[in-house]
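The following account leads the reader through a structure, from the arrangement of its parts to the places where they meet. Please keep the sequence and the model in view while reading.

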Amino acid sequence: MSTAAAVQSARTSKPAAPSRLWQRIRRNGWGYMFIAPWLIVYAIFGLYPLVLSFFLTYFNYSFVNPGDQAFVGIGNWVRGIGDPLFWKGVSNIAINQFIFIALKNGLGLLIAALLFRVRFGGRFFRTVYFLPVITSTVALMTIGDKLASPDGPLQALLLNGGLISRPIFWKSDPSLPMIVIALINTWKWFGISVVILLAGMYGIDQRQYEAAQVDGASSWQLFRFITLPSLRPQLFFLFVVDVINGLQMFGEVFSLGFDVYGGVNHQALTPVLYLYATAFDQSNIGYASTLGLLLALLIAGLTFLQFRFVPASEE
Amino acid sequence: MTARKFPLTSILAYAVLIIGAIAVLYPFVFMVSNSFKPGSELLNTRALFPQTFTLTGYTGVFEELNVLRLFRNSLLLAVPITILNTLLSALAGYAFAKIPFPGRNYVFGFMLTTMMIPAVLFLIPTYVLIYNIGWVGRFESLIVPSAVSVFNIFLCRQFMSGIPDELIEAARMDGAGEITIFLQVILPLARPALATVAILTFMGSWNDFFGPLLYLNQPQNWTLQLGLLQFRGTVPGENAQQIWALTTIITIPLVIVYFFMQEQFVKAFANVSLSK
């Protein structure tokens, strides 16, 4: 049915609409019952908190004295936008994610390309590489902490190889923690990139490769001009999800045993950690709520920019 | 990739893959073998494997912590959350895929919009809400809000859209009620989607420590993850043996499940990307 015809029939049937609507409701009323559990849970634990979060930002509100709510207007917003600790957290994450996203997806791409080529054992390797993905952050950070510690095996290896001259106390260093966390997280998460990119590679039409090979293209050219462009949707998805998750990082720092302010120099402070400290250490719920909204806006803005300037595909 | 070049590049490829596999597995081996070392060895030697094999780390952690209770608490969260979420997400996903109730597209569009809101926004207001309901320190605080989730509904809906309408119509002709159709026709056909939802939900809950940290932070309510986190913070350096034992204890069960179901696990994560 063309659109014009659809509009026509909708118009002609208009007088009968109420009873037909009623019929549709009667026939398909089950639909409301089936989505009701979600709607109820979402209304209470999704929509209500959403409204509440906007409301809270205008108050100084604490659990210690619930009656003592002071209206501060946009005071929390002004404070948040100018808060050096919030931005310290954001810049820490920026450094961390820059390294993490490049390494994790670069490594994922390399391993996926190799797995795509080998004939035997592909499944075994994939299973192994995916193992850290299913392991908990607390456990992996406990292991990573010890592996990278000044008396751990990694630094022993670097010392023996002459790459470092003395043990590095990276946790108290002003800039190293976010870099080390990026390395540990690369180890934890690159398996996801492998699996997703490998699935993408299997989706590429093999005839493209055959045609290019006839024209004398090298392996690198095949990869650069056929594989990489074809993986655009997968890479785009990985970038978007990495940025969204990265800005909300919290567990890693907490599991490594940093205090809620990310150490003396805030070297491991993340925005969510700061939000946690504001709410549960300073007991300032209104300001913590504002920080949550600020961060959400930042994430939404970045996601929008990614969709705007990096189209996933030509479609 | 001509036949002549194949052996050399192939050897190189395997070399990289094997180095990668060793790098991925080494930390796990490190963890397990540390858990069997005596305390003095943990402090003073760098050998990967224990020179004297001991179980004192394990016996010690069972004395210090009620490990079985940690397991029980983790299961008390993960099992109900997984069952409820899989069932309710499938139910709503089915409605969005196959029941043309008036207003369906509006509700679905609204749902997709809410999916884009970053989780951090809900953190504080949800805590305020749960605090005011009086659920802090109770398992409901995590089970009820996780009983159904937008993303899982979306996954189920995408999968169920592919189920032919004729199957549903045929069951209706045979006089099956709507709930019977859902349970006996839709659920069996949607098994791959349900496996994905169940695996992601179970893992999310099992590995989560932030939720339990916020709502269940009393020793009798600690989950495995929170137990490890809190136990690490108690006596720095004193209980290294026990920390390694506990880390091994909380990691190995999921690793075993993973090796038996690795195909489903990997698919679950790949599905997440394909559905976007």
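In this predicted model, the centres of domain 1 and domain 2 of chain A, taken over C-alpha atoms, are separated by 44 Å. The domain assignment of chain A places domain 1 at residues 1–47 and domain 2 at residues 83–309. For chain B, the assignment gives domain 1 as 15–54, while domain 2 is made of two segments, 67–223 and 256–274. The centres of these two domains of chain B, again taken over C-alpha atoms, lie 37 Å apart.

The mean pLDDT of chain A is 86, and 90% of its residues reach 70 or more. Within chain A, confidence is highest in helix 5 (residues 84–117), at a mean of 94, and lowest in helix 1 (residues 3–12), at a mean of 46. Residues 1–14 of chain A have a pLDDT below 50, and this stretch has one contact in the model beyond near neighbours in sequence. Where pLDDT is low, the predicted coordinates should not be read in detail.

The contact between the two chains can be considered next. Chain B contributes 68 residues to the contact, and chain A contributes 69 residues. On the side of chain B that touches chain A, at least two residues each come from helix 1 (6–35), helix 4 (67–98), helix 5 (104–115), helix 6 (120–133), helix 11 (191–207), helix 13 (224–234), helix 14 and helix 15 (262–274) of chain B. Of these, helix 1 of chain B gives the most, with twelve residues. Sorted by class, the side of chain B that touches chain A comprises 52 nonpolar, eleven polar and five charged residues.

One helix pair shows this contact at the level of residues. The crossing of helix 7 of chain A and helix 14 of chain B is left-handed. From helix 7 of chain A, Ala139(A), Thr142(A) and Ile143(A) meet Ile243(B), Thr247(B), Ile250(B) and Thr251(B) of helix 14 of chain B. The residues of this helix contact divide into four nonpolar and three polar, with no charged residue.

Conventions. Residues numbered from 1 in each chain as written. Chains lettered and ligands numbered in written order. Predicted model: local features only at pLDDT ≥ 70, side-chain atom pairs only at ≥ 80, totals over all residues. Domains from an automatic or database assignment. Left-handed = near helix turned anticlockwise from the far one by under 90°. Helix = DSSP H or I, 4+ residues; strand = E, 2+ residues; numbered from the N terminus. Contact = placed C-beta atoms within 7 Å. Nonpolar A, V, L, I, M, F, W, Y, C, P; charged D, E, K, R; others polar. pLDDT = per-residue confidence, 0-100.
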